[in-house]
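Q: I would like a close look at one part of this model, followed by its setting in the rest of the protein.

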Amino acid sequence: MRAICIQPPLVQLNAPYPAVWYLDAWLRSRGVDSRAEDHSIAMARRVFSRAGLETVFAAARDALRGRQHPDDETARRIGAYFDDEAAYLACVEPMTAFLSGDDPAYAYRIAVGSGLPAGMRAEAVFGDGIGPDDARAFATATLNDLSDFIAYALDPSFGTVRYAERLAASAPDFGPIRRAAHEGWILREFYRPIARASMAKFKEGLRADDDALVLVTVPFPGCLAGAVVAAEEAKAAFGDRATIVAGGGYVSTELRFLTDPAPFDAFDYLAYDAGYGALASILDVVDGAPRSSLYRVRYREEEGRVVAAGFPADEPRSGATSSGAAGTAPAPAGTASAPADSSKASGYERLEREAIAGSHPDYSGLDVSGYLRVVDSPNPMHRLWNDTPWLKYRLAYGCYWRRCAFCDTQLDYIKRYLASDLDALEEAAGRAAGRTGLYGIHFVDEAMPVNLVRAFAERNARRSRPFTFWGNARFDRAWTDESCAFAAERGLVAVSGGIEIATKKGLEIVDKGFSMVDLVRTLASFKRCGVLVHAYLIYGFPGQSDQDIADSAEMARVLLAEGLVDSAFWHRFVLTRHSAIYAAWERGERPGLEPLAPPSSFALNDLRFAGEERSERWTAPLDASLATWIDDGETDRPLAAFLPRGLPRPRLDALALLREAGLA
């Protein structure tokens with residue numbers, strides 16, 4: 001058995017998404033000859049190259065011939081792209097090389113600007129002129145301008161870091177995804193040749209009697225169409241010699257209730273949750289074990305039925321009742337359940353726990369030179385996500401709180417909490433750093449536990465070359481002045497975390513587990529030692545009043561004004577099938593909630609609910625006010641300046657709360 005672990009397009013451009021590297025390390029630890037490939041950055045570099053843009057402009061010229069533009073301004077801007085074609089062709093490779101860390105002198109060329117193309121986004125960055133320090137922002141904006149051009153002229157599903165994301169998010173059936181994989185211009189012209197060449201190279205290393213294991217991770221909806229392309233090319237190359245498995249966050253979340261057999265035209269199996277137990281059971285089946293031993297896997301029988309094998313007995317396999325209201329009806333016709341043998345299942349569970357704790361990627365074979373340090377915001381906290389090629393690890397799997405009402409607490413990656421073996425993690429990260437030269441770690445935990453941060457920080461301080469690290473955290477009381485300072489002095493530079501609703505009532509209804517005073521004191525502890533802080537905010541939660549939204553926004557303004565938070569982002573609440581609030585509704589504990597689930601045999605996670613449209617009025621003013629406070633630094637501009645007539649003004653006395661927390 002030889003394995004190839006593939007990250008299909010498209011994910012972020014600055015660093016490898018970690019899933020395939022975790023799987024690759026685990027497979028190699030079991031003696032499987034494995035390698036990981038990031039096809040996402042490979043396709044991005046192919047598109048944003050001189051040859052790639054020559055293909056783009058030639059195809060766009062044909063596609064736009066005779067097309068009526070929606071308005072004169074669009075027509076003018078499209079004409080400008082063609083006028084600047086030679087300039088785009090000349091600069092795209094120097095710009096991508098510059099963004100990947102090569103040719104630092106090119107910053108001065110960008111700062112001069114003469115002869116460079118300037119689309120709408122690049123124009124906004126350049127303004128009346130820029131210096132060399134702004135060059136990466138200009139280069140990033142130029143790539144985004146080209147992405148806009150491609151999306152308008154050739155492929156509306158294309159985005160710089162996503163593809164056909166809206167199609168895959170809670171799609172009713174597999175048809176739109178299959179069409180995107182076959183008809184999408186970017187995938188057809190750029191990704192399919194990459195996937196085909198990858199399979200051909202992989203095939204060269206196989207002996208006549210070798211089986212091929214092709215693992216494709218789908219962390220986001222925007223990766224699914226590319227995953228289908230990769231699977232199809234693997235089938236074309238290997239036929240029955242290949243076992244093709246898809247897994248990842250999207251599969252485990254959106255396809256939890258899949259009954260549509262069509263995805264199995266591309267994939268042999270869908271693996272759920274952490275994936276180690278599922279893959280171990282699949283490997284056993286390849287070696288001759290019966291399919292009845294499969295663990296947390298879906299597959300299609302010869303008769304065409306979809307089988308959900310080895311899931312917990314109490315897990316529902318359908319997400320909609322015949323009336324269309326969300327529920328837990330029995331599995332519909334055409335599906336079957338095959339609980340795993342209990343002794344086998346316990347073995348796979350034990351194996352998975354051990355793998356989660358002890359298997360960490362050393363990023364063997366990773367070429368970091370192709371990743372792009374994009375700058376899409378001047379905010380120092382925002383930039384952490386995109387402009388540094390981090391090594392990605394987790395201190396723990398799952399969440400140690402796992403009670404927030406809005407969160408997918410019914411899913412394995414939230415409800416099962418397992419700490420990482422820090423000896424194994426440090427050893428793997430040390431090998432990766434020595435191989436790549438990268439000493440920055442982004443911990444991708446749901447919430448970094450304070451005790452594990454302290455333990456890692458203590459180890460980090462003893463290293464001859466310590467890591468710089470950051471990650472997501474809960475703003476709970478354990479982050480004291482002492483614990484924040486301890487971690488910061490030993491490499492912690494930033495945290496992101498959920499405030500959600502920044503009012504007393506809001507924290508209570510989402511069950512955050514800390515008070516407003518606790519929150520303010522924790523934020524102050526981080527800021528006293530210089531740690532950057534990003535806050536996630538939500539609005540439109542069931543039971544949240546308009547007044548509470550206004551007060552939460554006012555509190556966000558004050559936190560920014562007082563320097564307790566460096567950046568924030570508003571999310572409109574989305575009811576999910578796996579959330580704690582939905583589980584409470586199923587138990588009859590949320591009688592005022594009315595979920596609305598469309599019929600679906602494919603993806604089912606995001607649900608509409610009665611009355612949610614009321615919160616739509618807040619989207620524009622909340623986004624506009626936050627942009628003004630963060631991007632323009634005008635935190636003294638009141639929320640009322642952004643609110644239309646009919647929405648309440650804040651009543652929250654934020655300064656009184658700061659005084660209660662001992663800060664004013």
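Leaving aside its neighbours within four places in sequence, which residues is Ser147 in contact with?

A: Ser147 is in contact with Phe48, Phe158 and Thr160 once its neighbours within four places in sequence are set aside; contact here means heavy atoms within 4.5 Å. The model is predicted, so local features need pLDDT of at least 70 and side-chain atom pairs count only at pLDDT 80 or more, while totals for chains, interfaces and linings use all residues. Residues are numbered from 1 along each chain as its sequence is written, and side-chain values use heavy atoms, with hydrogens and water left out.

Ser147 sits in helix α8, which covers residues 135-153. Helices (H or I, at least four residues) and strands (E, at least two) are DSSP runs numbered from the N terminus. With a relative accessible area of 4%, Ser147 is buried. Buried means under 20% relative accessible area, exposed over 50%, and partly exposed in between, using a 1.4 Å probe and protein chains only.

Ser600 lies in the loop between β18 (595-596) and β19 (606-609). Its relative accessible area is 23%, so Ser600 is partly exposed. Not counting residues up to four places away in sequence, Ser600 touches Ala171 and Pro172. Its C-alpha atom is separated by 32 Å from that of Ala289, 311 residues apart along the chain.

Burial can also be followed in a strand. In β15 (residues 532-539), seven of the eight residues are buried, so the strand is largely enclosed by the rest of the structure. Two strands pair if DSSP finds at least two bridges between them. Strand β15 pairs in the parallel sense with β14 (residues 492-500) over six bridges, and Gly497 has Ala535 of β15 as its bridge partner. Six bridges also join β15 to β16 (residues 567-572), and these two strands run parallel. Here Tyr539 has Arg572 of β16 as its bridge partner.

Antiparallel pairing is found around β6 (residues 297-300). Strand β5 (residues 269-271) pairs with β6 in the antiparallel sense over two bridges, with Arg298 of β6 as the bridge partner of Leu270. Strand β6 is also joined by four bridges to β7 (residues 306-309), again antiparallel; in β7, Ala309 is the bridge partner of Val297. The hairpin of β6 and β7 has five residues between the strands, and in this hairpin Gly304 takes a positive phi near 100°.

For the protein as a whole, the secondary structure comes to 26 helices and 19 strands. The radius of gyration is 25 Å, close to the 26 Å that the globule rule gives for 664 residues, so the protein is as compact as a globular protein of that length. That radius is taken over C-alpha atoms, and the rule is 2.2 Å times the number of residues to the power 0.38. Along the principal axes, the C-alpha atoms fill a box of roughly 70 × 65 × 60 Å. Buried residues make up 57% of the 664 residues. Of the contacts with a separation of 6 or more, 76% are between residues 24 or more positions apart.
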